[in-house]
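Trainee: I am new to this structure. Please take one part and walk me through it closely.

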Amino acid sequence: MAEAETSGPSLVAAVLACSGHLEKESLSGRISRLSCRVEKLKGEVCRMINQRYVEFLPSMQSAKDLETQVEELSGNMDKLKSRIENEVQQDLNVAIAEFSELKKQLERDTLILSVLKQLQEFDTHLKQFHALLPQKRYVPAACHLNKARRSLKVMESRRGFELKILKALGTELTVQTENLVYLLGQEWQQMAVWKHPQAKDIDSLESALQTELRLCRAMPGKDVAAVPTVASVLRAFAVLGQLRAKFEQYGKLLLTNILKPLISHPSLRPLLEEQPDAVALRFESVGQDLGHPSPVEVFAKIRLVLEVLHKHQLDVPLDQSMEDEEEENSGPVLAEVLGNVIWKEMSDCLIRDCLVHSIPNSSSKLGQYSEVIKATEDFEKALKGMRFLQQDSTNLLTYARNVNCHFANKKCQDVILAARNLMTSEMHDTVKVTPDASVALPKLPDPGAGDQLQVLRVSEALSNLVLMNLGQEARLSPHTFSFPACHISESVQRLVALAYQTLQEALASTDQCCMQLFYAVRNIFLLFYDVVPMYHKENLQKLPQLAAVHHNNCMYIAHHLLTLGHQFRGRLSNGTVTFVDLVPGFRRLGTECFVAQMQVQKGELLERLSSARNFSSVDDEDNHAAANRAVRQVLHQLKRLGTVWQDVLPVNVYCRAMGTLLNTALGEMVARITALEDISAENADRLHALCQAMVEEGPQVFVPLPGEKENRRFQEEVPVYVPKWLMFKELMLVLQASLQDIVDRWADGKGPLAAEFSPSTVKNLIRALFQNTERRAAALAKIK
C-alpha cells in the first residue's frame with residue numbers, strides 16, 4: 001500500500017507533465033529536493049547495513065522498502081537527466097552561436113583597427129619622407145620609404161580585408177621611390193664624372209689617354225652644409241636595395257676605362273691631380289707600349305687607383321652613426337660591395353693578361369719568381385685592408401704560388417705550338433744528314449750526369465772488350481746502326497731537336513713538371529702522326545720528291561725514338577718513359593706514303609706502255625713510232641725520278657725503288673712481246689732495237705749520288721735490283737737467235753733461258769718467230 005502511495009503521485013505527475021496540465025517546476029528546486037532525498041536515503045541505507053552486519057538485526061522488510069525507494073529515486077533521476085538534455089542543451093547551443101558571432105565581430109574590429117594603424121604609420125612615414133627630401137637627407141628619407149613599404153605589405157597581407165586605396169598607396173610609394181632613385185642618380189653623376197672618348201676601339205692606348213675620372217668633394221657654388229656626402233648617397237642606394245645595381249654600372253666603367261687598360265698597356269701610368277673641390281684621375285704614357293706588363297708594376301698601379309677610390313668615395317666606418325635616431329646604427333661596407341662586383345673579372349684579367357705572361361720560360365728562372373709571389377701577397381693584403389677583398393679570397397696568390405704547375409702547362413703549350421708550326425711549315429726546305437751527324441744535346445746537369453757517365457763508361461768498357469775478343473775481319477762498321485745519309489726536312493730536324501731540348505728541360509724540373517714535359521714530347525710525335533699526312537696530303541700525292549722526303553722524315557724520327565727514352569733514363573726513371581712503342585707507327589707512316597707514290601709512278605709507266613699498241617706489227621711505221629715513243633717516255637720518266645730522288649733517298653732505298661719501277665717496265669714489255677702470235681724478221685729486229693734502248697739506257701737511271709764515278713758501281717749491279725733484267729736480256733737474245741741457239745740456251749731445261757721463261761712461253765715465242773717446219777717441230781719437242 002505504501003508502494004502504491006509512493007508510485008501513484010509519480011505516475012500522475014508524469015501523465016500530467018506529458019499532457020501539459022502540470023506546471024513546470026524549476027530545475028533548481030527539483031534538483032535540491034532530489035539531493036535531500038538522496039542524503040536521507042543514504043542515511044537509511046547506512047543504518048540498515050549497520051543493523052544487518054553490525055547489530056545483526058533481522059531487517060529484511062526494511063531492506064526491501066529501501067530497495068523500492070532507491071528504484072523510484074533512480075527513475076526520477078533518469079527523467080530529470082532526459083529533461084536536462086532536451087531543454088538545457090538547446091539553450092547551450094544558442095549561447096555558443098551568439099558567442100561565436102561576438103568573437104567574429106571582435107576579430108573584424110581588431111583587424112580594422114590594425115589596418116587603420118598601419119594606414120596611419122604609412123601616412124606618417126610618407127610625411128617624414130617629404131619633409132626630409134628637400135633637406136637632401138637621403139639616408140633617413142630612404143629609411144622612411146622602406147618603413148612605409150613594410151606597412152603597405154602588412155596591409156596587403158590581411159586576408160579577407162582588401163581596400164581599394166591600397167593600390168593607390170602602392171602606386172604612390174613606387175613613384176616616390178623612383179623619384180628618390182632619380183635624385184640619388186643625379187647626385188652620383190655629379191660626384192663621379194666620367195670623361196672618355198666615344199671611340200669604337202676603347203681598348204687602345206690613345207683612348208685610355210683621353211679617359212678621365214673626376215671625384216667631386218663638393219658641388220661648386222653651393223652651400224657645403226646642404227650638399228650630401230658621397231657616403232650618404234651610396235648608403236641611401238643601399239637602403240633602397242639599388243647599391244649593387246649602381247655599382248655594377250660603376251664597376252663596369254672602372255674595369256673598361258681604368259683597370260683593364262692599366263693591366264694591358266705597360267706604358268700607362270695613373271696620374272692624380274688634386275683640386276680644391278675634386279680629385280681628377282687620368283693617365284699618362286711613359287716609355288714604349290711593348291711586351292707584357294710586369295705584375296709588380298701592375299699591382300702598384302691598380303693599388304694606387306683603388307686607394308684613391310677608397311679615400312674619396314668608399315671610406316665609410318662601420319660604426320658611423322646615422323643622423324636620425326630611428327635609422328640603423330651602421331651602414332653597408334661600400335668598398336666590399338664594389339669589390340664583390342669587380343673582383344672576379346679583374347682577377348681573371350690579371351691572371352690572363354699579366355700573371356700568365358710572367359711565368360718563366362725556363363726552369364732556371366723559377367727561383368726569380370718569388371718576387372712576383374711576394375708582390376701578389378702584398379697586393380691581396382692591401383685590398384683586404386681596404387675591404388675591397390674578402391679575407392678568405394686568395395685567387396691571385398693561389399695562382400702565383402702554383403708556379404711550378406703553370407710553368408709546366410705553359411712549357412707544354414709552347415712546345416706543342418712550336419711543334420705544330422714546324423709541322424705545318426714547308427717540307428721542301430731540306431738538309432742533308434749523314435751517319436756522322438747527331439742532334440746536339442744540351443749539357444746534362446750535375447745531379448744526373450754521374451749516373452749517365454757511369455752508364456756510358458760501362459758501355460764503352462763492354463764495347464772495348466767485345467772488340468778485343470773479335471777478330472779484325474769480324475768487326476762491324478762504326479756506322480752500322482747509324483742513320484743513312486739522306487735529305488730530311490729542316491723542320492723535322494728542328495722538331496727532333498725540340499724534343500731533346502724539352503726532355504733536357506724536364507731533367508731540371510720537379511717530378512710533376514718532369515712527367516708533364518715527357519708526355520708533351522710524346523704528344524709532339526703523336527701530333528706529327530696525325531697532322532703532317534693530312535696537312536700535306538695533296539703535295540705528298542702529287543710530288544715524288546716530297547713523298548721521298550716524308551719517308552725520310554718518318555724514318556729519321558723513328559730512328560731517334562728508339563733511343564730517345566734510353567738517353568734520359570737517369571732522371572726519367574718512371575717505367576713508362578719510353579718512345580719505342582711509337583717506332584712501328586712512324587715506320588709504317590713513311591712506308592705507306594712512299595709505297596703510295598710508287599704505285600702512282602707504276603701506274604704512269606704502265607699507262608705510257610699501253611700506248612705502244614702491244615708492240616705488234618712494229619714493221620708499220622705508225623706502230624713503230626708509237627712503240628718507240630712509249631719506250632722513250634718510260635725512260636724519261638725513270639730518269640726524271642732518278643734525278644728527283646738523287647741524294648734525297650738513302651742509297652739502298654733509292655736503288656730498290658728505281659729497280660722496282662724499271663722492273664715493272666721491263667716486265668710489262670716482256671709480257672706484251674711474249675704474247676704476240678706472229679713476229680716477222682723485221683718486227684723482231686725492231687723489237688730488239690727497242691729492247692736494246694732499254695738495256696743501254698736503263699742502268700743510267702741508277703744515279704743515287706751526285707758523282708758520276710760513284711754511281712758506276714750501282715749501274716753495274718742492275719741485276720741485283722731488277723729481278724727481270726736477265727729475263728729481258730734473254731728475250732733480246734731470242735729475238736735475234738736461231739732455232740739451234742734457242743735450243744742450246746734451253747739446254748734441256750737447265751740453261752739460262754730455262755731459268756727465266758717457262759716452256760710454254762718459249763714455245764709461243766718459237767711459233768711466233770719461225771715458220772712451221774720440221775726443224776721448228778723438232779725444236780719445240782726439245783722444249784719441255
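Mentor: Let's take the sheet. This is a predicted model. The sheet is open, has 4 strands, and runs in the order β1-β2-β4-β3. Its pairing is antiparallel. Look at the edges next. They are formed by β1 (192-195) and β3 (268-274). Each of these has a single partner strand, so one side of each is left without a neighbour in the sheet. From one strand to the next, the twist averages 20°.

Now go to one pair inside that order. Strand β2 covers residues 212-216, and strand β4 covers residues 278-285. The two pair in the antiparallel sense over 5 bridges. Find E212, and you will see R282 of β4 standing opposite.

Helix α9, residues 295-314, lies across β1, β2, β3 and β4. Against β3, α9 runs at about 25°.

For another kind of packing, move to two helices. Such a pair is described by the angle between the axes and the distance between the axes. Helix α13 spans residues 403-423, and helix α15 spans residues 490-507. They pack at an angle of about 170°, with their axes 9 Å apart. Angles over 145 degrees count as roughly antiparallel, and α13 and α15 are therefore roughly antiparallel to each other. On the α13 side, the contact is made by F407, K411, V415, A418, A419, L422 and M423. From α15 come S491, R494, L495, L498, T502 and E505. By class, this contact of α13 with α15 has 8 nonpolar, 2 polar and 3 charged residues.

Technical notes. Residues are numbered from 1 along each chain as its sequence is written. This is a predicted model: local features need pLDDT of at least 70, side-chain atom pairs count only at pLDDT 80 or more; totals for chains, interfaces and linings use all residues. Side-chain values use heavy atoms; hydrogens and water are left out. Axes are lines fitted to C-alpha atoms, for helices over the stretch in contact, and angles run from 0 to 180 degrees between N-to-C directions. Angles under 35 degrees count as roughly parallel, over 145 as roughly antiparallel, 65 to 115 as roughly perpendicular and the rest as oblique. Contact means heavy atoms within 4.5 Å. Ala, Val, Leu, Ile, Met, Phe, Trp, Tyr, Cys and Pro count as nonpolar, Asp, Glu, Lys and Arg as charged, and the others, Gly among them, as polar. Two strands pair if DSSP finds at least two bridges between them.
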